There are 4 protein chains.
Amino acid sequence: MKRIAVLTSGGDAPGMNAAIRAIVRKGIYDGLEVYGINYGYAGMVAGDIHRLTVDDVGDTIARGGTVLYSARYPEFSNVEGQQKGIEQLKKFGIDGLIVIGGDGSYRGGAALSKLGFPTIAIPGTIDNDIPGTEYTLGFDTAINTVLDSVDKIRDTATSHVRTFVIEVMGRNAGDIALWTGIGSGAESIVIPEMNFSMDEIVKEIEDGRRRGKKHTIIMLAEGVMNGNEFAEKLQEYKNYHTRVTVLGHVQRGGSPSARDRVLGSLFGYNAVQLLKEGKGGLCIGISGSQVVFNDIIETLERKRDVPYLSLYQINKEISF
Amino acid sequence: MKRIAVLTSGGDAPGMNAAIRAIVRKGIYDGLEVYGINYGYAGMVAGDIHRLTVDDVGDTIARGGTVLYSARYPEFSNVEGQQKGIEQLKKFGIDGLIVIGGDGSYRGGAALSKLGFPTIAIPGTIDNDIPGTEYTLGFDTAINTVLDSVDKIRDTATSHVRTFVIEVMGRNAGDIALWTGIGSGAESIVIPEMNFSMDEIVKEIEDGRRRGKKHTIIMLAEGVMNGNEFAEKLQEYKNYHTRVTVLGHVQRGGSPSARDRVLGSLFGYNAVQLLKEGKGGLCIGISGSQVVFNDIIETLERKRDVPYLSLYQINKEISF
Amino acid sequence: MKRIAVLTSGGDAPGMNAAIRAIVRKGIYDGLEVYGINYGYAGMVAGDIHRLTVDDVGDTIARGGTVLYSARYPEFSNVEGQQKGIEQLKKFGIDGLIVIGGDGSYRGGAALSKLGFPTIAIPGTIDNDIPGTEYTLGFDTAINTVLDSVDKIRDTATSHVRTFVIEVMGRNAGDIALWTGIGSGAESIVIPEMNFSMDEIVKEIEDGRRRGKKHTIIMLAEGVMNGNEFAEKLQEYKNYHTRVTVLGHVQRGGSPSARDRVLGSLFGYNAVQLLKEGKGGLCIGISGSQVVFNDIIETLERKRDVPYLSLYQINKEISF
Amino acid sequence: MKRIAVLTSGGDAPGMNAAIRAIVRKGIYDGLEVYGINYGYAGMVAGDIHRLTVDDVGDTIARGGTVLYSARYPEFSNVEGQQKGIEQLKKFGIDGLIVIGGDGSYRGGAALSKLGFPTIAIPGTIDNDIPGTEYTLGFDTAINTVLDSVDKIRDTATSHVRTFVIEVMGRNAGDIALWTGIGSGAESIVIPEMNFSMDEIVKEIEDGRRRGKKHTIIMLAEGVMNGNEFAEKLQEYKNYHTRVTVLGHVQRGGSPSARDRVLGSLFGYNAVQLLKEGKGGLCIGISGSQVVFNDIIETLERKRDVPYLSLYQINKEISF
């Protein structure tokens with residue numbers, strides 16, 4: 001292994017730069033040359049590839065987004081695209097690849113591994129929806145960003161008598177809504193992993209009002225439905241002076257949290273270590289305080305445990 | 001003057017608590033009794049009035065929202081309501097009132113003054129749309145909150161090739177959009193005070209793309225139209241991968257900025273001073289570093305100068 | 001079990017309020033009466049004990065510090081003090097206790113358990129120095145607070161040619177320095193768990209300067225020595241335009257991070273659960289995504305694993 | 001005027017990048033070439049000068065510090081140094097200069113103007129101690145940074161019974177201490193512009209304790225004395241469990257506030273405008289909502305008004 005490359009793919013996530021920085025520096029520390037691929041798999045196929053130096057990643061650890069840019073590129077599911085990508089890498093003499101992203105990135109990485117190109121995948125997405133790791137890169141920052149916003153909304157909610165529906169990201173996963181629901185003391189949490197009944201939510205609001213609660217916060221995962229749709233259904237019961245906030249792309253940005261910087265550094269460091277040891281076809285994860293490695297393909301087929309799903313029940317008992 | 005009261009009305013704004021705190025403490029320092037009225041004019045008419053102590057406002061200066069709650073109460077435009085309100089105040093022996101809020105609050109204060117009840121108005125709204133002051137309480141915090149979000153969106157904007165339309169508050173005023181457009185380096189600013197042409201905006205985007213800009217941020221004041229409507233009109237020209245973010249109620253909350261805490265303290269302190277001097281029917285403002293006083297009624301009739309409207313032209317010359 | 005009580009002791013930590021809130025609400029949800037003890041063990045002995053309602057903990061989850069106040073009270077190591085404390089609890093009919101704090105709090109809890117009073121301990125300290133848990137309550141917030149400050153210092157470090165020594169808390173543990181050293185990309189990390197050589201640090205600075213680095217950040221745990229002492233030793237080698245920043249009590253405050261809010265909720269909820277099941281003499285911890293329980297006395301005797309000590313070596317390879 | 005240059009000098013301040021960005025873009029918009037000088041006057045004399053493009057200042061408006069680096073260079077008070085600097089500028093064909101910084105920068109700018117080189121000065125320092133402007137660039141960010149820290153300290157102060165002495169920057173000016181003292185509700189503010197008596201401060205603490213206050217915050221400007229010295233003097237009266245926090249260089253960093261971004265943009269834009277009109281020897285300031293221009297030399301001789309000194313008295317009446 002002489003030359004390795006790194007790309008970021010799919011939605012960007014805070015901490016991706018920490019991982020890129022660790023890859024570049026650990027690689028150079030170990031005597032490797034490290035290349036960056038712009039715009040994910042699209043850039044790989046197009047040959048948008050350049051050498052990275054220690055300076056290129058200087059002062060990036062605190063920055064959101066990804067200095068390698070990202071793009072979705074569904075065309076990469078096609079085997080011709082994959083072979084074209086490998087050709088491009090070989091043109092640069094690159095013999096190992098690290099991909100950072102969500103499940104699309106993992107599928108790309110699995111395909112390259114099947115074609116014999118050593119590839120390591122790092123889970124980078126705010127959604128926390130990747131099997132093989134307790135946390136994905138970006139999740140911790142995203143939940144802190146959401147809470148920061150909800151704390152502000154709570155200020156104004158407390159000043160009036162209102163119901164706030166807050167739609168958060170997460171694709172088909174409820175992790176962001178679950179953690180931020182607990183963290184904000186939301187009266188109700190609505191996530192795809194759990195059936196919900198509007199009757200019950202209305203009952204929770206009414207119970208709260210009876211006990212003197214002036215405002216209600218409902219944390220809604222986008223995977224269930226969108227915020228306006230939810231609010232309309234709620235208003236059918238009664239006029240709760242409902243306000244909807246869709247937090248949107250704010251959730252993807254921001255300077256990464258301490259955890260995401262450390263996690264990114266750990267992931268990047270270990271990815272280089274694996275390639276150096278001649279390993280490929282693996283994805284990296286964190287379990288407790290251990291960095292763990294799994295087969296990408298098997299991991300993609302696995303159903304993810306939602307480790308903290310008990311939080312859902314806990315919230316019912318402490319946020320009434 | 002022995003007893004004075006304070007209320008907050010309309011949308012809440014960060015810094016209202018700093019003003020309430022200054023009123024309570026300056027009042028007590030001067031030997032007055034200070035009463036708080038909950039829920040604005042609605043609470044005044046309903047008699048939701050209680051004595052405030054130094055402790056009641058302890059550790060509130062850093063908090064968003066208003067500890068006196070707020071409400072809109074259009075019924076107060078009715079003279080019977082106003083007289084009912086004055087009766088309630090007299091029941092408590094209150095002989096001077098301070099109202100904190102936007103133009104609705106000012107109109108209430110003007111009406112009470114006309115009926116002979118000494119009333120001082122403090123401009124408290126994030127919209128910065130009140131004549132007689134360069135800045136309203138809450139505006140500075142709101143623009144910092146908006147920038148914090150836009151900086152995060154820019155992270156993700158920079159990582160992809162996209163156009164972001166960011167809808168901000170301000171009712172019929174463009175101040176929030178103007179300041180945060182400058183402050184975020186937005187490529188375009190769209191405000192009600194200035195005609196805009198979609199042709200020109202499209203030209204600005206295209207010019208930027210030609211020079212290598214990967215992303216575009218358009219700051220849109222809600223007073224022009226809503227973000228989704230704007231994005232649709234823009235997409236009619238070309239697919240700019242437009243994403244809309246409606247920042248919403250986040251803008252009203254948050255711990256007040258340094259300016260809003262100082263401004264709230266200055267306003268509150270001076271309002272008590274005026275009542276003590278037997279004055280009423282005035283509204284307070286800031287001009288440069290001077291606290292100024294104006295007749296409420298005249299002020300309501302005046303058209304507001306938008307002091308920094310030149311920022312609009314400046315942005316065209318520095319954010320191309 | 002009919003009545004339980006909760007106290008916070010030692011240095012306060014963000015997330016304590018989330019734990020108190022969960023204890024109060026989960027207790028009431030389960031039909032218990034919950035009492036708060038002010039000022040830790042000192043308040044227990046003095047009988048500073050009062051009933052807590054759901055409202056008392058409303059809107060506290062986002063607040064730093066502890067609503068029950070905290071105090072150090074070394075006199076509690078005395079068995080008479082402990083018996084006096086138990087008497088006070090019995091006067092109120094309290095038959096179970098939850099203590100939140102660091103090792104002093106644990107020792108108090110162990111003593112009460114030995115005397116037969118059912119006590120559960122929750123690890124609450126920013127220092128992360130308690131055995132039996134991967135993370136203590138407050139650590140995550142503290143490292144984010146430190147990084148926020150170091151990011152600001154880096155702005156000004158980058159603008160000049162300077163060396164910054166940043167002294168962070170942690171008592172005898174290096175966790176805060178280690179995590180924030182990684183997270184800020186500090187060139188050197190100095191912690192009590194690892195010997196350091198000033199010669200080596202000087203070599204790291206010189207190597208960096210040779211490669212064009214303009215500034216150096218050294219993260220120093222207070223357990224090694226204080227920042228000014230360190231800077232003096234460094235300046236003996238050469239004038240590195242060294243600036244010392246002692247972050248101090250800022251590290252203990254602030255709105256808790258998402259993690260600390262969730263962790264506090266989990267810990268508080270489970271502590272009530274344990275008391276309800278008639279258990280005592282236990283301390284709560286987190287391991288991966290599992291809440292775990294250990295005997296307090298055994299835990300106090302155990303040496304703590306520093307789970308991420310490998311970060312120390314990793315930093316050498318990625319922050320040169 | 002074909003080519004202009006810009007430098008930053010003295011302590012860096014948030015907002016300097018916003019000013020540099022506006023200068024570069026407004027200059028290019030007007031058909032000028034814009035050069036950056038690294039490391040202030042030292043870089044000018046050394047010829048560390050380079051052309052700046054629109055891209056060089058892309059995504060810098062939100063960043064603290066200065067992309068042109070800064071340095072103190074007392075040797076520039078020497079006329080030979082000044083002439084050497086002018087020679088260097090002429091070598092690059094530069095015929096107008098903008099300097100951003102504090103009084104040292106102003107003196108340099110005045111000297112260059114006397115020697116016939118058109119120079120415009122922009123007030124950039126967190127200390128707010130420059131005559132000819134109500135606010136300097138960086139002051140608003142600094143006071144928000146300080147308040148953020150003091151709010152955190154207050155969390156922990158409230159949890160114990162303690163007295164906190166917080167030393168803030170400002171050189172010989174008390175502006176930072178004054179504004180943040182008001183903004184944090186500090187019980188006492190100690191600034192160089194006002195005599196203070198330790199007897200009176202002790203009386204304020206004792207009065208507060210009598211009324212049930214658990215903690216005291218004293219905001220101390222570095223221009224009076226340092227925090228530890230102050231605390232020792234205070235402890236001579238009585239053990240107030242005093243803790244000292246020296247906020248230090250954190251105050252200089254951080255993403256600029258909304259105001260500082262707008263102010264920097266306004267200042268930079270107008271500086272280019274003045275040079276284009278053939279003017280030099282001026283410094284820029286803000287007064288109310290107007291940008292104002294003054295003669296640098298006269299301004300340096302003028303005594304600064306401290307516009308908000310009345311805040312000192314106000315705080316005594318609202319923070320008892």
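How much area do chain B and chain A bury between them? The answer is about 2,400 Å², with 56% of it on carbon and sulfur atoms. Keep in mind that this is a predicted model, so to speak a computed picture of two chains meeting. Here's a quick tour of where chain B and chain A touch.

**Who touches whom**

- On the chain B side, 34 residues are in contact with chain A, and they meet 34 residues there.

**What chain B brings to the contact**

- Three elements of chain B each give two or more residues to the side that touches chain A: the helix α5 (139–159), plus the strands β6 (162–168) and β9 (242–246).
- Of these, α5(B) gives the most, with nine residues.
- Sort that side of chain B by class and you get 17 polar, nine nonpolar and eight charged residues.

**How the two copies are related**

- Turn chain B by 180 degrees, with a shift of 0.0 Å along the axis, and it can be laid on chain A with an RMSD of 0.0 Å.
- The two copies are therefore related as by a two-fold rotation axis.
- Both copies use the same surface, too: 100% of the contact residues of chain B recur in chain A.

Notes: Residues numbered from 1 in each chain as written. Chains lettered and ligands numbered in written order. Predicted model: local features only at pLDDT ≥ 70, side-chain atom pairs only at ≥ 80, totals over all residues. Heavy atoms only, no water. Contact = heavy atoms within 4.5 Å. Buried area = accessible area lost by both parts, 1.4 Å probe. Helix = DSSP H or I, 4+ residues; strand = E, 2+ residues; numbered from the N terminus. Nonpolar A, V, L, I, M, F, W, Y, C, P; charged D, E, K, R; others polar. Least-squares fit on C-alpha atoms with pLDDT ≥ 70 in both.
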